[in-house]
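Reader: I have the sequence and the model open. Please take me through them in questions and answers.

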Amino acid sequence: MADNEKELIPETVTAPEPAIASPIATQSEYDRIERAAKRRKIIRNALLYTFLTLCAIAVLFPFYWMLLTSFKTQSAYNNEVTPKFYVSEPTGANYKEAFTAVPLAGYFLNTLIYTVVTTALMMIVIVPAAFAFARMRFPGRNLVFSLFLSLMMIPSELVIITNYVTITSWNMRNTFAGLILPSVTSVFYIYLLKENFEQIPEELYKAAKVDGTSDFKYLLRVMVPIAKPTIVTITILKVIECWNAYVWPRLITDDRKRFLVSNGIQEIRQNGFGRDNIPAMMATVVVVSVPLIILFLVFRNKIMEGVSRGGTKG
Amino acid sequence: MKQSKYKGWLYLLPAILFLGIFMVYPLIDVVVYSFEEGYNFVSQTSNGTGLYNYRYVLRDPYFVQALKNTFVLVIITVPVSTGLALLISLALSSVKPLRNLFQTVYFLPYVTNTLAVGLVFMVLFKKTEYTDGMVNLLIRFFGGSSVDFIDGPHWAKMLVMCIYTVWIVLPFKILILTSALASVKEDYYRAARVDGTRPSRIFYRITLPMISPMIFYLIITGFIGAFKAYSDEVALFGTDLNSAGMNTMVGYIYDMLYGNSGGYPSFASAAALILFAVVFTITCINLMVSRNNVHY
């Protein structure tokens, strides 16, 4: 409703000028002005929706194309000099090929293990740290917190070189430990969680202290349940990050048995099904993309809220 | 009470341990590496310190190429994506029905695997012996001649890279700008309407100043993100970016570290520090400009 007003009123304010010139605005004149305003609104809406729809098509087209291609047979695809926008004989063979010709299931399992363990470990590290910064009093707290904050500005490209050398010298190449360990802390998430913990009334903490509840028990029984929305948001953001991780896994794994999906996709691109089997490639892409899209559609509001609070992609 | 004075440190211990090993130590180490000349990865020895690594990197034609590509990418994609995101968010916030649906659709690229969708873009733009590909079909439909965007001329590859980057970064920007637009108080618009202000004036005098902090936030993060571009390029052109002539600064760092031309952590460190210096300088300039231009 408010939107309609916004557009209508400037019109009616500027439009009545002729009406003031001839003090008796006739009914027909009034109707004409109304009609003009209405017409303008329709045109404006049509333009807006056309623009939005065109953008939506630009966003969706790659998704449509990968789905479409994944159902074409290889020979049908290769025979289309002019790509067709529909499939005449849809086939599921590409999906079977995706799981049999390359170890896609293995890549999936690796990514799943990597994502779950990294996220869980990260929670074990960041929740106590955020609690310490938010509620506990100890010497050096403010100094350490400022040092933590300054670490937020360090780009990962700077530290990845030494981490690569470290992990290699620990003989952790091609192991889950090597993949996971460098990415279990995030200063930013500690900061986000600390802010959230601080909003919980300190009286609760004091009351718990009086009752003789230990800090750890208080953290688990009171703080974590109250801060659950933020914890869920952080978990989802981390899961997305893990699922899309490419650079670090590429450096640290060269054994196909330890590849994550991103590396698997890259491997398939370079020499997977034989470069020409585009439909099988697209089937793999669909299989890799679907889990995150489902996660997104289920947690749509949580994800969008979380990303606007703390996500960047770059 | 006494023994619990240092208990806070116990809660911080895991975080400090991990940050110390994987962040603070590497930070010092990378500077050391960058000054060690002729560092040997196997024996872990070097023959002196100096600026040789920096000189080598700055003279390396691959690095110069990567620097050029990165700057072109930054200069094109940051304004284009921010402008487009602003247009889309403005359109989104002036319609009511279907707004949620559009928002959901526009956000989809954010949750997709960059490498996976990059493959789809490659297929759309690639010219093979069987077919010219989807995009060339469109170009020919409008009377142009077809180009191989993946293995063809440099400008064509650059174009695909920019298009894909914009496609990838738009969701985040649209999300931030729509919520910024929604947070502008309705009162200002009402007051302007009572005064009979023209819509364009409302935009320049109310909307734009009110959301300017967010626009600058997006420009700054956009610059930083674009300077770190790498996986999008791998998705489109494969891992051997140097021979495709499409390497980026981050790509150069990783290639120096690992892969066919890898094994030179010193050169990689020098390149990483150069990248950091560039990003840091540009961010400072951005912050200075925004301080003079953001009205709030």
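Author: Contact here means heavy atoms within 4.5 Å. This is a predicted model, in which local features need pLDDT of at least 70 and side-chain atom pairs count only at pLDDT 80 or more, while totals for chains, interfaces and linings use all residues. Side-chain values use heavy atoms, with hydrogens and water left out, residues are numbered from 1 along each chain as its sequence is written, and chains are lettered from A and ligands numbered from 1 in the order in which they are written.

Reader: In chain A, what percentage of the contacts with a separation of 6 or more joins residues 24 or more positions apart?

Author: The count takes contacts in chain A with a separation of 6 or more. Within that set, the share from residues 24 or more positions apart is 72%.

Reader: How many helices does chain A have?

Author: Helices (H or I, at least four residues) and strands (E, at least two) are DSSP runs, numbered from the N terminus. Chain A has zero strands, and its helices number 17.

Reader: Is A:Val247 buried or exposed?

Author: A:Val247 lies in helix H14, residues 247-252 of chain A. Buried means under 20% relative accessible area, exposed over 50%, and partly exposed in between (1.4 Å probe, protein chains only). Because its relative accessibility is 17%, A:Val247 counts as buried.

Reader: What radius of gyration does chain B have?

Author: The radius is taken over C-alpha atoms, and the globule rule is 2.2 Å times the number of residues to the power 0.38. The C-alpha trace of chain B spans about 75 × 75 × 35 Å along its principal axes. A compact globule of 296 residues would come near 19 Å, but chain B has 24 Å.

Reader: What percentage of the residues of chain B counts as buried?

Author: Chain B has 13 helices and zero strands. Of its 296 residues, the buried share is 54%.

Reader: How far apart are the centres of the positive and negative side chains in chain B?

Author: Lys and Arg count as positive and Asp and Glu as negative, with His and the chain ends not counted. Each charge is placed at NZ of Lys, CZ of Arg, CG of Asp or CD of Glu. Chain B has 21 positive and 15 negative side chains, and the centres of the two sets are separated by 15 Å.
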